[in-house]
Amino acid sequence: MADGVLASRGARSLRWSSRLLADVLVVAALCAVVVVLLEADTVLAALPVQITGNILTLSAAAVGAGSAILAVVVSRLLGEAKLAWVAAALVLYCVVVLPWATLSTADLDVSHRASRLVAYVVALVLLLLSTRPPRSLGFWGGWVIMVAGGVCALAALRLPDSAPLRWFVEGPLVTVAVLVGWTAAAVSFAVAGIRRQWTPWLRLGLGLVVLAIAQIYRVGITTPTITTNLAFPALRLVGLTVVLVGLAQMVQRAMATMRSEHWQQQEELAVAAIHMERAGELAAERDHELRNGLAGLAGITHLLSADTGGEDHERLKHAVLAELGRLHRILDGGEPEPDVGPPLAEYAVAPVLEGLVALRSGDRGPDLDIVPGLRACGESAVLAQVMTNLLANCDRHAPGAAVQVRARRRGADIVVEVRDSGPGLPPGADADALLTRGVKDESAGGSGLGLYISAQLLAREGGTVRLRTVDDPRGCLATVTVPAVSEQSPADSDLLTAPRA
């Protein structure tokens, strides 16, 4: 495994090195072509040099302004304060310094040249500070310094012509300081891009390096004016274009990251919604079961209040206690989710049905007919809950109608029938659709969860529930099957004769 990790890291380093080499070679070749092409006498003779130089300078200013906008955007997207300072430096350089560069030095007096130089120096200071912005100034510190620099540049226009001012404007000290500072900032960004192994940051650094090369070229040529040389403004345009490309890629990567995070958040929200929906279903199911159980307990209260004693009284008392225990397990979260997997437990069917029927015994309780000795596989609570739902539906949809409960064995299953003498299923109703969650009869009330819960619980234990309308007499027949204990005697397999539809 360690070898695989090392091989993966080696492959990433190799890919990064190849991209780095390709970017450096492409930018170097482009700069070389620009210098060779625009220094050719034939090109200079064919082009209006002054106009072409101005166009190149203004184009560089436009590209730089676009780069500043992208730098602001990506600084907010990535939370990168350095790029906010780079944006402030580009605004001052491209909006103030470069437009003045279209004017000939002879057309500017000393105060105007000093004003341009102040703006240039402030832009360079911002670029140097952007390599490590002061934390106390944050994102907006660069813009404050930019505004202050702009004010100082305007104030320089009011300076009188003097020997010290001319020395400051025309002397070599400021030129060397600007050249060294610009080169240092450019190299710092390029090294940071290499260290991060992030291509967009590398291209930002390469663009600034090209701008530094342009400054070196401008100082090195004998006639550094756009009237006689176009390579300097062309190199400046190339450098700012590379900066723009790097920042555009940063915006693209940031947007891709945001989209990825957005989809991840959407997935997390979807999972949370599923969990919340399931929690709501469980709460609704338990509420449904508690209401049905409490309804049965309320129906038998008047029978126990008579306190007649005897066998019936004890039977009713045990039925109430059993139902109270089932409701208590529901409140504890033990139902309606039985264990998933093949049922291993077994239980006697008769006590479950007798207890539930006893809870609904009254003037006209359900008629119970059970083959003795029936034993089923699974959890008795499942059958109790299903029968509670079916008997509650009889009370709700066929109030006062006679109800019959029969239990037999059919092959490998225990078959329990609940039949009422009510109106049957609604006309045109789909019996399978009635087992879907939320399908209910608005006229009869209820939540529509009972049949859905019953079908889900039985399916987990290998059982089923089916509904249909029957005649002679007319009513609704619910047929429940649960797996029977395999050791049960075949003598107990009295086949059920279902009423004819």
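Predicted model: local features only at pLDDT ≥ 70, side-chain atom pairs only at ≥ 80, totals over all residues.
Residues are numbered from 1 along each chain as its sequence is written. Local features need pLDDT of at least 70, side-chain atom pairs count only at pLDDT 80 or more, totals for chains, interfaces and linings use all residues, and side-chain values use heavy atoms, without hydrogens and water.

**Exercise 1.** Find which residues form a positive surface patch.

*Solution.* Start with the rule: patch residues have over 30% relative accessible area and no salt bridge, with like charges joined within 9 Å and nonpolar side chains within 5 Å. A salt bridge is a side-chain nitrogen of Lys or Arg within 4 Å of a carboxyl oxygen of Asp or Glu. Areas come from the Shrake-Rupley method with a 1.4 Å probe. Arg12, Arg15, Arg19 and Arg253 form the patch. Next, helix H1 (residues 2-38) gives the largest share, three residues. Arg12 sits in this helix and is partly exposed at 43% relative accessible area; buried means under 20%, exposed over 50%, partly exposed in between.

**Exercise 2.** Find which residues make a nonpolar surface patch of about 330 Å².

*Solution.* Look for Trp167, Phe168 and Leu173. Then place Trp167: it belongs to helix H7 (residues 163-170). Helices are DSSP runs (H or I) of at least four residues, numbered from the N terminus. Trp167 is exposed, at 53%.

**Exercise 3.** Work out how many disulfides the whole structure has.

*Solution.* A disulfide is a pair of cysteine sulfur atoms within 2.5 Å. The search finds zero. Take Cys394: its closest cysteine sulfur, in Cys476, lies 7.1 Å away, so it is too far for a bond. Cys394 is buried, at 5% relative accessibility, and Cys94 is also buried, at 2%.

Conventions. Lys, Arg positive; Asp, Glu negative; His and termini not counted. Charge placed at Lys NZ, Arg CZ, Asp CG, Glu CD. Helix = DSSP H or I, 4+ residues; strand = E, 2+ residues; numbered from the N terminus. Buried < 20%, exposed > 50% of the residue type's maximum accessible area, 1.4 Å probe, protein only.
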